[in-house]
Amino acid sequence: MPFSLIPDRLYSRYDDLTPQELGRLGVRLLLCDLDYTLAPRRVEKPDNALRRWLDTCQEGGVTVMILSNNRSPKRVDAFCGELGIRYVGHAGKPGTRGYRQAMALAGQPPERTAMLGDKLLTDVLGAKRSGVLALMVEPLGGPCGSWNHVLHGLQRPFKWIARRRCRKI
């Protein structure tokens with residue numbers, strides 16, 4: 001299993017990623033973390049901007065699913081229910097079980113799948129270990145709590161490397 005903390009691509013926000021770009025990358029399934037990736041942790045319901053982005057992805061032929069480490073299904077179930085999209089909860093990222101389960105549900109192989117998240121140690125590492133494209137965003141709402149500030153601070157050098165690599169593509 002590959003071990004890398006370098007994301008393949010970096011974005012400021014989820015909606016900077018277009019279905020056209022995903023198509024160029026060969027992606028048909030986009031797995032997304034929920035908290036801090038698609039919505040700040042304290043936001044309970046999806047906003048209209050997220051709904052429009054999901055509609056655009058669907059129109060572009062990209063299936064979007066949530067892959068979340070939330071131990072309680074309550075938040076993820078309610079959020080995804082409002083959007084009408086599937087999810088794999090308690091995914092165990094950076095383990096590969098949740099990734100494999102999501103790909104099986106969507107009928108897509110790793111080479112047609114990408115993961116969009118805000119954390120290196122769960123989202124990016126899990127994507128790399130699962131053989132899927134690792135896409136990273138800045139946390140929506142900013143990191144909350146001292147632990148998240150530490151984690152996001154530790155991510156800076158890896159994001160710097162990713163930015164340099166992306167300029168060369």
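Me: Which residue of strand 4 does Ile 66 stand opposite?

Reply: Ile 66 faces Tyr 87 there. Strand 3 and strand 4 (residues 87-88) run parallel, joined by 2 bridges; strands count as paired if DSSP finds at least two bridges between them. Right-handed means that, with the strands pointing away from you, the path from the first strand over the helix to the second runs clockwise. The model is predicted, with local features needing pLDDT of at least 70, side-chain atom pairs counting only at pLDDT 80 or more, and totals for chains, interfaces and linings using all residues. Residues are numbered from 1 along each chain as its sequence is written, and side-chain values use heavy atoms, leaving out hydrogens and water.

Me: How many helices and strands does the protein chain have, and in what order do they run?

Reply: The protein chain has 6 helices and 6 strands. From the N terminus they follow the order β-α-β-α-β-α-β-α-β-α-β-α. Helices (H or I, at least four residues) and strands (E, at least two) are DSSP runs, numbered from the N terminus.

Me: How many bridges pair strand 2 with strand 3, and in which sense?

Reply: Strand 2 (residues 29-32) pairs with strand 3 over 4 bridges, in the parallel sense. As one example, Leu 31 has Met 65 of strand 3 as its bridge partner. The chain gets from strand 2 to strand 3 by way of helix 2 (residues 48-59), and this β-α-β crossover is right-handed.

Me: Is strand 3 mostly covered or uncovered?

Reply: In a regular strand, side chains alternate between the two faces of the sheet. Strand 3 (residues 63-67) is mostly covered, with 4 of its 5 residues buried. Buried means under 20% relative accessible area with a 1.4 Å probe, protein chains only. Across the 169 residues of the protein chain, 47% are buried.

Me: Which residues of helix 4 are buried, and why do they line one face?

Reply: An α-helix has 3.6 residues a turn, so residues three or four places apart point the same way. In helix 4 (residues 97-106), the buried residues are Gly 98, Tyr 99, Ala 102 and Met 103. Viewed down the helix 4 axis, these fall within an arc of 130°, so they line one face of the helix; the arc is taken from directions running from the axis to the C-beta atoms.

Me: What covers those buried residues of helix 4?

Reply: The cover includes strand 2, strand 3, strand 4, strand 5 (113-117) and helix 5 (120-130). Just after helix 4, look at Gly 107, with its positive phi of about 70°.

Key:
Buried < 20%, exposed > 50% of the residue type's maximum accessible area, 1.4 Å probe, protein only. Contact = heavy atoms within 4.5 Å.
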